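The stops below are meant to be followed in order.

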Amino acid sequence: MRYLPTLDNLFDDIFDSDFLTPARTINNMRTDIKEVDGQYQLAIELPGYDKDQIHVELKDGYLNVSADASKTNEDKDDKGNIIRSERYHGTCSRSFYVGENYKPEDINAKFDNGELLICLPKEKPEQVEDNHFIAIE
């Protein structure tokens with residue numbers, strides 16, 4: 001519930017209204033981060049999304065989590081005419097900097113009952129140099 005603005009921020013509240021910016025994206029991925037058994041656990045709430053609509057990507061040290069849902073429901077009568085049609089589209093995303101030494105194999109993810117649980121080791125893995133073989137003639 002919004003309260004009436006004071007005189008010093010009257011114009012800020014008027015022009016910052018949700019009604020004037022309908023294209024604004026709202027990020028509602030509530031996240032709880034805790035340390036359990038030498039690992040960090042990220043518990044991210046994603047109600048209304050299915051497992052195949054959630055994407056987790058590790059790129060340049062950032063763990064990017066995004067969810068995209070698009071649903072269409074139609075009710076038709078006996079003749080095939082559309083009586084009611086609903087379309088829903090929702091997108092949300094969040095990024096976490098975890099460090100550049102992590103590989104996708106180090107991170108475990110599980111989705112159950114509207115909650116995404118991501119586990120990664122607390123201690124960063126040591127950066128392993130790639131083995132380069134030298135041909136001996």
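How many aromatic pairs does the structure hold? This predicted model holds one aromatic pair. Select Tyr62 and Tyr97 and show their rings: the centres are 5.0 Å apart and the planes stand at 65 degrees. An angle over 60 degrees counts as edge-to-face, so this pair is edge-to-face. Tyr62 belongs to strand E4 and Tyr97 to strand E5, so the pair ties together parts that are 35 residues apart in sequence. Tyr62 itself is partly exposed, at 40% relative accessible area.

Next, select residues 62-76, which are strand E4, together with strand E3 (54-59) and strand E5 (82-97). These three strands form an open sheet in the order E3-E4-E5, with antiparallel pairing. E3 and E5 are at the edges; each has a single partner strand, so one side of each is left without a neighbour in the sheet. On average, neighbouring strands in this sheet are turned by 10 degrees against each other, direction ignored.

Zoom in on the pairing of E3 with E4, which runs over six bridges in the antiparallel sense. One place to look is Lys59, whose bridge partner in E4 is Tyr62.

Now move to strand E2, residues 39-45, and pick Gln41. Is Gln41 buried or exposed? With a relative accessibility of 18%, Gln41 counts as buried, since the cut-off for buried is under 20%. Leave out its neighbours within four places in sequence, and Gln41 is in contact with Asp32, Ile33, Lys34, Val36, Leu117, Ile118 and Cys119.

Cys119, from that list of contacts, is the next selection. Cys119 counts as buried at 12% relative accessibility.

Finally, colour the chain by pLDDT. The chain mean is 76, and 71% of the residues reach 70 or more. Where in the chain is confidence lowest, and where is it highest? The lowest is helix H1 (residues 10-15), with a mean of 50, and the highest is E2, at 92. Then select residues 17-27: pLDDT stays under 50 there, and the model has nine contacts beyond four places in sequence for this stretch.

Note on methods. Residues are numbered from 1 along each chain as its sequence is written. This is a predicted model: local features need pLDDT of at least 70, side-chain atom pairs count only at pLDDT 80 or more; totals for chains, interfaces and linings use all residues. Side-chain values use heavy atoms; hydrogens and water are left out. Two strands pair if DSSP finds at least two bridges between them. Helices (H or I, at least four residues) and strands (E, at least two) are DSSP runs, numbered from the N terminus. Axes are lines fitted to C-alpha atoms, for helices over the stretch in contact, and angles run from 0 to 180 degrees between N-to-C directions. Buried means under 20% relative accessible area, exposed over 50%, partly exposed in between (1.4 Å probe, protein chains only). Contact means heavy atoms within 4.5 Å. pLDDT is the predictor's confidence in each residue, from 0 to 100. Rings of Phe, Tyr and Trp (its six-membered ring) pair if their centres lie within 6.5 Å; planes under 30 degrees apart count as stacked, over 60 as edge-to-face and the rest as tilted.
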